[in-house]
Amino acid sequence: MNEDLFSGIKMVLEKISKAIEKGSCDDMRSYLADNQTATRNAIPYVRIDKINTNLSDIFSTDEGDVRLFKRNSWVGVLIVDRGSKCIFTYCTTQTLKRIPKNKSRKKPHYAQTLLNTLNREEVDPSQLTLEGFNLSSPEPDFTPSEYEADFISIMEESLTKYKGYRYWVVTYETQGLTLRHLNAVLMDPNFNIVEEWPLMQLLAPNFGDLTADLKTETKSENSVHSLVSIKPGLKGKKASEPEKQTEIFPKSTEESKEA
């Protein structure tokens, strides 16, 4: 890990990480509790909207610039950090893997455009020979002018205003309502990874999850005790015998007798 580079954008990455965690976990728990629908087809879209809202709430104009951009009927969010000269977006790990595989696009994916404009000087170290020459140079899907025109449509500003900027993608994976993986990825124009940093350590422990686990354990323990009932000691002469004073029966047996 390039420590100097990481320290320069650590605060921004921490805020993005918290927005993703809250949007994909706590916010979705609340949404599901409030919307008892028969099907849950809206979940992926709701999760994205929750994360986007969190990003908008967390970043202020002096710390980061939240930009909304439209792609057909879909609206995306990116963060412009002018202090570090970096632009950030986020997506799931699987989504990022699918983007370069689609060769039938008539228009660049926004990540393709940002990589081929801001990161065109980045080089994956594994793609270099000992002499420092690029081993492979795949034919680009679009021309430089097409990428630049798309950049303007996304940012609504000229590419020259972003000279020296880098583009990062924060990738995440969830399992149910739990965040499992969170990474910051710097790539070259061909989606080869130049730098990849794990971000889970930037998140404080989710004490809500710990409390939920504790409640589950307590409930489980109580359930075991509830399966046993104590029958009062026998009255009369036999009550003086210690082993006859108290008898233990399974609760199910006790209930069957009452029935």
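**View 1. Helix H4 is mostly covered.** Nine of the nine residues of H4 are buried, where buried means under 20% relative accessible area, with exposed over 50% and partly exposed in between (1.4 Å probe, protein chains only). The buried residues are Tyr110, Ala111, Gln112, Thr113, Leu114, Leu115, Asn116, Thr117 and Leu118. Their cover includes S1, S2, S3, helix H5 (144-155), S4 and S5. Helices (H or I, at least four residues) and strands (E, at least two) are DSSP runs, numbered from the N terminus. This is a predicted model: local features need pLDDT of at least 70, side-chain atom pairs count only at pLDDT 80 or more, and totals for chains, interfaces and linings use all residues. Residues are numbered from 1 along each chain as its sequence is written, and side-chain values use heavy atoms, with hydrogens and water left out.

**View 2. Six strands form an open sheet.** Follow the order S1-S2-S3-S4-S5-S6, in which the pairing is mixed; two strands pair if DSSP finds at least two bridges between them. At the edges you will find strand S1 (65-71) and strand S6 (193-198), each pairing on one side only. From one strand to the next, the twist averages 30 degrees. Helix H4 (residues 110-118) packs on this sheet and touches S1, strand S2 (74-81), S3, S4 and strand S5 (178-187); contact means heavy atoms within 4.5 Å. The direction of H4 makes about 145 degrees with that of S4.

**View 3. Strands S3 and S4 run parallel.** Seven bridges join S3 (residues 86-92) to S4 (residues 166-175). Look for Cys86, which stands opposite Arg166 in S4.

**View 4. Strands S5 and S6 form a hairpin.** These two strands run antiparallel and are joined by five bridges. Five residues lie between the strands, and Phe191 in the turn has a positive phi of about 70 degrees.

**View 5. Helices H1 and H2 pack together.** H1 (residues 3-34) and H2 (residues 43-58) meet at an angle of about 130 degrees, with their axes 8 Å apart. Axes are lines fitted to C-alpha atoms, for helices over the stretch in contact, and angles run from 0 to 180 degrees between N-to-C directions. That angle makes H1 oblique to H2: under 35 degrees counts as roughly parallel, over 145 as roughly antiparallel, 65 to 115 as roughly perpendicular and the rest as oblique. Among the residues making the contact are Ile16 and Tyr31 of H1 and Val46 and Leu55 of H2.
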